[in-house]
Amino acid sequence: VTRKIEALLAASQPGHEYRVIPWQQNEFIELMPMISSIYNIIMGIVMFIAGLVILNTMLMAVMERYHEIGVIKALGFKNREVFFMVLLEAFYIGIIGAILGGVLGGALSAYLEKVGIDFAAFSGGMMDKIDMPIPIYGRIIYLDFSFPILIGAVIFGILVTLLAVLYPAFKSAQMSPVEAFRSELKV
């Protein structure tokens, strides 16, 4: 097949020399498993950071409401009820945030799948000066939008929100009303 392609290229454009390499001999293809592993590690780090941001947000939401939680506990709410109240609030926040993020991110991904991201537009003409082909990719990279990934991201957002709020919910459920009223954190 390689010889046939070389012959077709030579016949269609005489005077130009082309080198046709079978995909099995392309060095870039050999790097794909390593690139995939690096991509997965980077995505894991991004997801971990997202979880920490959600944890911080929910912890601050509980800490800012120490006085409210103290009043609720003074009115007779049990630890279990306070725990599930905070968990339910986080669940709603997670659903709203994940769905909004999924809709906006999915729409942007679907759009960029059709249009692509033109890196030449961001380089200020630098890409025109570089005469180096980027293997597999060109100057325009097209995203690959898929519903399973979108649904997985929405479910991930909800689950991470629920996991991240377990500690703040437990902390708020264990506090005594007197401790909450004496808290110096006032907004």
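What share of the contacts in the chain with a separation of 6 or more comes from residues 24 or more positions apart? I get 75%, with contact meaning heavy atoms within 4.5 Å.

Ground rules before I go on. I'm working on a predicted model, where local features need pLDDT of at least 70, side-chain atom pairs count only at pLDDT 80 or more, and totals for chains, interfaces and linings use all residues. Residues are numbered from 1 along each chain as its sequence is written, and side-chain values use heavy atoms, with hydrogens and water left out.

**Entry: overview**

I looked up the secondary structure and found 10 helices and two strands. Both kinds are DSSP runs numbered from the N terminus (helices are H or I with at least four residues, strands are E with at least two). Reading from the N terminus, I noted the order α-α-α-α-α-β-α-α-β-α-α-α. Of the 187 residues in the chain, 21% are buried. For accessibility I use under 20% relative accessible area as buried, over 50% as exposed and in between as partly exposed (1.4 Å probe, protein chains only).

**Entry: α5 and α8**

Next I checked helix α5 (residues 79-115) against helix α8 (residues 147-164): their axes come within 8 Å and cross at roughly 155 degrees. The axes are lines fitted to C-alpha atoms, for helices over the stretch in contact, and angles run from 0 to 180 degrees between N-to-C directions. That makes α5 roughly antiparallel to α8. The crossing of α5 and α8 is right-handed; that is, the near helix is turned clockwise from the far one by less than a right angle, with anticlockwise being left-handed.

I then listed who makes the contact. On the α5 side there are Leu87, Ala90, Phe91, Gly94, Ile95, Ala98, Ile99, Gly102 and Gly106. From α8 come Leu150, Val154, Gly157, Ile158, Thr161 and Leu162. Sorted by class, the contact of α5 with α8 has 10 nonpolar, five polar and no charged residues. The classes I use: Ala, Val, Leu, Ile, Met, Phe, Trp, Tyr, Cys and Pro are nonpolar, Asp, Glu, Lys and Arg are charged, and the others, Gly among them, are polar.

Tyrosine 92 is in helix α5 too, and at 48% relative accessibility it counts as partly exposed. I logged its distance to leucine 162: 70 residues apart in sequence, 9.7 Å apart in space, C-alpha to C-alpha.

**Entry: α4 and α5**

Helix α4 (residues 66-74) packs on α5 at about 140 degrees, with the axes 10 Å apart. I therefore put α4 and α5 down as oblique to each other. Their crossing is right-handed. Ile69, Ile72 and Lys73 of α4 touch Asn79, Val82 and Met85 of α5. That contact of α4 with α5 divides into four nonpolar, one polar and one charged residue.

Is lysine 73 buried or exposed? At 11% relative accessibility, lysine 73 counts as buried. Leaving aside neighbours within four places in sequence, I find lysine 73 in contact with Asn79, Val82, Ser172, Ala173, Gln174, Met175 and Pro177.

**Entry: α3 and α9**

I looked at helix α3 (residues 32-63) and helix α9 (residues 166-174) next: the angle is about 15 degrees and the axes are 8 Å apart. The two are therefore roughly parallel, and α3 passes α9 in a right-handed crossing. Leu55, Met58, Leu59 and Val62 in α3 meet Tyr167, Pro168 and Ser172 in α9. By class I have six nonpolar, one polar and no charged residues for α3 with α9.

**Entry: aromatic pairs**

Rings of Phe, Tyr and Trp (its six-membered ring) pair if their centres lie within 6.5 Å; planes under 30 degrees apart are stacked, over 60 edge-to-face, the rest tilted. By this rule I count three aromatic pairs. One of them is phenylalanine 83 with phenylalanine 84, centres 5.4 Å apart and planes at 80 degrees, so the pair is edge-to-face. Phenylalanine 84 is partly exposed at 47% relative accessibility. Phenylalanine 145 and phenylalanine 147 also pair edge-to-face, with centres 5.1 Å apart and planes at 75 degrees. Phenylalanine 145 is buried at 19%, whereas phenylalanine 147 is exposed at 55%.

Conventions:
Parallel < 35°, antiparallel > 145°, perpendicular 65-115°, else oblique.
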